[in-house]
Number of protein chains: 2
Amino acid sequence: MKRLFLIATLLGAAPALADEGMWTYNNFPSAKVKEKYGFEPTQQWLDKVRLSSARLAGGCSASFVSPEGLVMTNHHCARGCIQQLSTAKKDYIANGFYAKAQAEETKCPAMEINQLESITDVTAELNKATQGLSGKQYADTLKAKMSELEQSCSAGNAKVRCDVVTLYQGGQYNLYKYRRFQDVRLVMAPEHAIAFFGGDPDNFEFPRYDLDVTFLRVYEDGKPADTSKNYFKWSEKGAKEGELTFISGHPGRTSRGLTIAELEFHRDVQLPKTLMQLSELRGMIAEFQKRGPEQKRISNNLLFGVENSLKASKGRHEALLDKKFFAQKVAAEQELRKKVESNPEMKKKYGAAWDEIAKAQEQYRNFRTEHLFKEQGLNGASDLFYIARTLVRGAEELQKENGQRLREFSQAGIPNLEARLFSPAPIYPELETARLAFTLSKMREELGADHPFVKKVLGKESPEKLAARVVKGSKLADVKVRQALYKGGQAAVDASKDPMIELAKLVDPDARAVRKQFEENVEAVIRKNSELIAKAKFEVYGTNQYPDATFSLRLSYGSVKGYTEDGKQVAPITQMANTFDRHTGEDPFALPQSWLKSQNVLTGSTPMNFVSTNDIIGGNSGSPVINKDGEIVGLVFDGNIQSLGGEYGFDESVNRAVSVHSEAIIESLKKIYGATRVLEELRPGSTKVPPVKANPAG
Amino acid sequence: MKRLFLIATLLGAAPALADEGMWTYNNFPSAKVKEKYGFEPTQQWLDKVRLSSARLAGGCSASFVSPEGLVMTNHHCARGCIQQLSTAKKDYIANGFYAKAQAEETKCPAMEINQLESITDVTAELNKATQGLSGKQYADTLKAKMSELEQSCSAGNAKVRCDVVTLYQGGQYNLYKYRRFQDVRLVMAPEHAIAFFGGDPDNFEFPRYDLDVTFLRVYEDGKPADTSKNYFKWSEKGAKEGELTFISGHPGRTSRGLTIAELEFHRDVQLPKTLMQLSELRGMIAEFQKRGPEQKRISNNLLFGVENSLKASKGRHEALLDKKFFAQKVAAEQELRKKVESNPEMKKKYGAAWDEIAKAQEQYRNFRTEHLFKEQGLNGASDLFYIARTLVRGAEELQKENGQRLREFSQAGIPNLEARLFSPAPIYPELETARLAFTLSKMREELGADHPFVKKVLGKESPEKLAARVVKGSKLADVKVRQALYKGGQAAVDASKDPMIELAKLVDPDARAVRKQFEENVEAVIRKNSELIAKAKFEVYGTNQYPDATFSLRLSYGSVKGYTEDGKQVAPITQMANTFDRHTGEDPFALPQSWLKSQNVLTGSTPMNFVSTNDIIGGNSGSPVINKDGEIVGLVFDGNIQSLGGEYGFDESVNRAVSVHSEAIIESLKKIYGATRVLEELRPGSTKVPPVKANPAG
């Protein structure tokens with residue numbers, strides 16, 4: 001793998017003619033696209049694309065693809081739902097799912113879809129509110145003002161979600177107003193074996209052969225929602241080599257604007273520790289799966305998530321370990337600092353910002369482990385603990401004024417919080433116990449057996465015993481129990497003897513204290529000073545820049561284009577026929593029966609997957625790839641291995657988005673799955689000729 | 001944890017008065033010890049200590065502690081043997097072992113003990129042989145000459161082992177001649193629960209409460225060997241705070257003399273990758289243990305090894321990530337290079353060495369993964385594969401002239417190789433399968449599913465299927481089968497259909513090719529140029545330096561002394577009474593019954609463990625700690641967490657060796673284990689008063 005990183009923006013200037021940038025819809029460089037590709041998106045075009053795009057609140061992208069609320073996303077984005085609807089006897093992950101009639105479309109227990117209705121710049125209001133403040137006062141005021149703006153925007157309407165989005169590390173604040181769909185049903189999903197063909201070994205690799213697609217439908221008042229005004233039509237032929245492509249989606253996070261002190265923290269502390277922890281967890285879950293087929297089934301989703309994060313983190317770490325790349329980042333920061341230093345007024349305003357961030361980062365090194373295990377660790381390790389903590393904290397937080405609450409309990413976030421808290425998604429005690437024991441033993445390892453918090457949590461128990469006891473004894477798997485405690489408030493929580501609630505109560509004072517320490521001494525300092533650096537960048541380089549990704553809607557442009565890897569040219573488009581060459585019969589290279597028996601009727605030359613130069617990152621999974629006519633030509637499901645360094649910088653020579661080709665979707669819906677109902681919605685009239693049946697005789 | 005690293009030798013100069021250095025016996029700084037501690041070891045003193053020291057060929061240190069061949073080492077050094085002698089019904093790991101009579105002393109299946117009889121400087125001979133050579137020629141000639149020297153030293157005597165030891169990265173070559181003992185029997189071992197009390201959470205930590213001791217005995221001709229001329233007597237009171245202590249043992253490896261290019265490789269490539277792989281393996285084995293008690297028993301030893309390496313590697317990585325520390329290393333190299341550059345003659349001889357090493361290191365980055373999986377990976381993953389490869393290669397290598405063979409097949413190494421190859425130690429198929437499958441899946445992951453070597457090895461099988469097939473089908477667990485193949489030579493190996501032999505044959509051409517590439521293009525270049533740098537250091541700084549550790553006998557000096565950690569003073573000696581405070585009843589903080597029922601009869605103030613400033617590292621485990629009278633005052637079993645950075649530099653302010661106090665050994669042998677036979681040997685006459693029996697009434 002070659003990493004070139006000839007990145008214009010590294011030096012702070014606006015990208016030249018590279019297809020770089022995850023652009024906001026209110027600052028899209030249409031003129032630049034025209035200059036390179038001869039097509040200039042109009043405001044109307046942008047509005048239509050924005051409103052046809054969708055976000056899965058859980059962390060993915062999607063799009064509306066029919067007038068009747070049909071939504072397309074990745075299989076791996078919907079697999080939480082698919083797994084939750086499965087049981088040991090009806091395994092939709094293994095066997096796929098298809099609702100032959102609308103009545104068979106099944107509600108996902110915990111899924112929410114958002115559509116971005118408007119963007120408002122609220123920078124001035126927030127800057128005014130926080131002027132002259134720092135530390136705790138700055139953090140509290142910012143939080144309170146954000147909550148106020150969000151609340152007044154949603155105005156108590158449960159169908160509206162409003163988020164203040166921090167852009168350019170605080171250089172801008174925009175209020176994003178979403179329409180929310182909370183009744184989301186599963187329509188069609190292929191088998192996991194083809195959705196994730198090649199599994200972890202092929203993940204982030206190309207050439208690739210995955211049908212990573214799932215169709216959902218949003219409902220309103222028990223009926224398919226009307227999306228006739230804004231949805232993407234389906235292209236006739238799909239993406240072609242060299243064609244201009246746009247990707248509209250929700251890149252989760254990039255760190256291109258971070259200071260060197262922050263990048264060093266990523267490189268030397270956060271990433272190495274994360275990589276070790278994920279590696280160990282992966283080893284544990286992979287072996288847990290060998291307990292039996294049911295244990296494998298219930299832990300597949302978790303294993304996928306862990307392996308995916310692990311590979312992505314590895315790629316990021318390698319990018320930062322690239323000495324040339326890092327030197328470019330250092331040079332860019334030095335250039336900006338020099339410019340700031342040379343201007344007395346700028347120096348006064350911005351000159352100290354970098355060192356302030358470095359100091360905060362240095363401080364954080366000393367208590368990162370405490371922060372991790374007291375505030376974050378257990379929460380991520382167990383659904384039951386998450387529920388218990390939410391109930392324990394909710395009882396306290398919801399008594400406070402909106403602006404005083406912990407951020408996740410702000411009024412605007414309540415519908416989301418309740419949806420997750422009362423989700424009927426199954427909870428698997430065996431897996432909960434294993435994960436919680438794992439995290440408790442890591443806590444003891446990292447903080448040390450003599451640490452007061454460790455002694456407080458474990459007492460005389462081993463991590464395994466404690467985990468088994470609190471999982472076994474807890475009644476929180478029952479949604480009604482949660483509802484009663486939630487409604488019962490502080491008194492009910494105080495009186496509860498549920499061992500998971502008791503554990504959450506036990507750790508809460510320490511968890512809150514370390515969170516406060518983090519928010520006031522680290523986060524607030526970094527936020528405030530990042531805001532200053534962002535302003536310095538605007539002053540020095542102008543506003544024709546894109547902000548780091550923040551899981552808010554962005555538009556990127558590029559074209560279908562191969563690249564060179566280890567001296568070899570990689571062609572941009574794979575074909576369906578070659579999918580079968582890769583079949584070994586052994587997981588993860590085992591095709592499902594439906595594919596094997598359809599091999600002869602498929603048109604082998606149908607494009608399967610393709611790469612394009614669009615600048616994307618995790619969170620963009622499920623994003624539509626569209627042509628200049630706003631038609632679907634593909635579905636993003638991955639980036640190549642080189643794209644992982646995109647967290648820190650974009651290198652057009654090798655950084656690629658990886659998508660399912662629109663024609664592969666059509667071909668398989670038609671000839672493998674006989675999914676006429678879906679086909680007819682995507683391409684009205686296309687199913688008048690009955691789909692050809694699989695014919696082993698050829 | 002604070003890391004200070006005010007290290008004299010970092011700057012290339014000889015250490016000032018810090019207790020730094022793992023000194024060779026032929027260059028011990030006696031005068032410096034006298035200057036600081038008022039005691040000057042004589043040649044006679046040094047000879048006696050050297051000959052009373054011992055090495056476990058498997059990777060630990062030990063000492064002779066009686067005239068009749070009694071050997072003391074750590075429990076964790078002998079646990080391979082203890083586990084091999086155990087069965088599901090007689091678990092000596094869990095329950096301990098004590099041979100009440102000599103006849104009950106049981107032979108360890110695969111243990112060899114070495115005693116260093118002499119050291120000869122052979123630098124001139126080797127330099128002469130390799131003069132003017134480079135690359136393959138240099139490597140081949142060096143290897144051949146080393147083999148020749150070793151062979152002529154041992155002269156076919158199976159009781160003699162000779163190793164040419166490369167010191168100062170090639171600045172010196174010394175021939176170490178050992179007496180070898182291959183009949184080693186288990187005499188006494190406490191329960192694992194007290195030997196490794198605190199388990200992994202307490203590993204590399206202090207304060208500490210472990211009885212990590214085991215007694216062995218070397219036999220000759222079926223009788224206890226006569227060691228009456230050279231053995232350590234037992235001190236009357238053991239180590240006291242402030243007392244001068246010597247540690248004679250076999251530190252395995254340090255990397256203090258490496259160039260910056262090599263250290264960067266450690267920091268950015270080798271350690272991060274090792275940490276991830278060990279973490280994942282750890283997660284896997286820890287979960288494997290949950291398959292059942294027998295699976296736990298058979299995998300405990302492996303898990304211990306993995307966790308120990310993992311924690312040690314973490315410590316090393318953290319040391320290299322310490323920016324100040326690394327800057328000191330850079331400054332030291334720059335200083336030396338500047339001195340070399342400023343002298344035309346030195347510049348000509350040595351000036352290019354650093355860049356040559358950097359280039360070789362850079363080259364290695366491109367094929368490290370191949371090297372790892374083709375040559376090393378499978379070998380470390382399965383005992384059966386190791387046996388198969390040794391047989392496959394042996395058939396070919398043993399036909400060659402001694403100097404032409406792969407190093408491990410040189411005549412001098414044959415007794416060792418055969419001892420391992422024909423060891424009757426049990427092989428556990430379930431664990432073999434799990435480990436091999438794990439490594440095969442890592443191979444596929446790291447090299448990629450499309451890599452020709454991966455395709456060749458896996459074919460259409462999954463890693464799990466392949467591993468299960470070759471382990472299940474192999475007969476190599478039977479020592480007789482191995483002997484027959486070994487004796488049968490090439491013809492027998494060629495004819496063998498044993499699936500593990502077939503796998504070893506399949507991978508061997510690729511493995512040999514990558515090994516050759518490594519040895520000629522990387523190792524030889526680094527060796528040759530390191531030799532040049534070492535000579536430059538001698539020219540610039542003189543010869544009053546110690547070489548990096550090489551698992552050869554060294555002597556370090558220091559004193560019993562506490563240290564400061566996170567602002568708190570850590571006392572240097574713990575007491576037996578506090579061991580019981582740490583007991584929670586849950587593994588790894590559960591004391592064995594023998595201790596619990598003896599609590600009342602123990603003298604609580606007896607020293608348990610202690611720290612000293614001696615400079616040690618992994619491989620020193622089992623080393624005797626002696627006073628100036630050459631008496632045992634303790635037994636090294638660990639270093640504190642700060643000592644892990646000792647791989648790269650010594651910081652006397654916090655770097656500590658951790659030892660079992662000699663009095664804790666006596667007290668427990670007497671009052672807990674009633675091991676009168678051992679006690680009488682350690683302290684003749686001490687058991688005339690019968691041992692006090694445990695008395696629960698106090």
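Strand β21 (residues 657-661) of chain A is joined to β20(A) by five bridges, and the two run antiparallel. I noted that strands here are DSSP runs of E with at least two residues, while helices are runs of H or I with at least four residues, both numbered from the N terminus. Two strands count as paired if DSSP finds at least two bridges between them.

Before going on I wrote down that this is a predicted model, in which local features need pLDDT of at least 70 and side-chain atom pairs count only at pLDDT 80 or more, whereas totals for chains, interfaces and linings use all residues. Residues are numbered from 1 along each chain as its sequence is written, and chains are lettered from A and ligands numbered from 1 in the order in which they are written.

Next I checked the other partners of β20(A). Strand β19 (residues 624-626) of chain A is antiparallel to β20(A), with three bridges between them, and A:P624 has A:L635 as its bridge partner in β20(A). β19(A) and β20(A) make a hairpin with four residues between them, and A:G630 in the turn has a positive phi of about 75°.

Is strand β20 (residues 631-639) of chain A largely enclosed, or largely open? I found eight of its nine residues buried, so β20(A) is largely enclosed by the rest of the structure. Buried means that 20 or more other C-beta atoms, placed from the backbone, lie within 10 Å of the residue's own.

Then I turned to the domains, whose bounds come from an automatic or database domain assignment. Chain A has domain 1 (25-112 + 182-255 + 557-682) and domain 2 (260-538), with 30 Å between their centres, taken over C-alpha atoms. I saw 24 residues of domain 1 of chain A in contact with 23 residues of domain 2 of chain A, contact meaning C-beta atoms, placed from the backbone, within 7 Å. Helix α3 (residues 75-85) of chain A gives the most to the domain 1 side, with five residues.

Last, I compared the copies, superposed by least squares on C-alpha atoms of residues with pLDDT of at least 70 in both. Chain B can be laid on chain A with an RMSD of 0.0 Å by a turn of 180° and a shift of 0.0 Å along the axis. The two copies are therefore related as by a two-fold rotation axis.

Note on methods
A residue is buried if 20 or more other C-beta atoms lie within 10 Å of its own, exposed if 12 or fewer, and partly exposed in between; C-beta atoms are placed from the backbone. Two residues are in contact if their C-beta atoms, placed from the backbone, lie within 7 Å.
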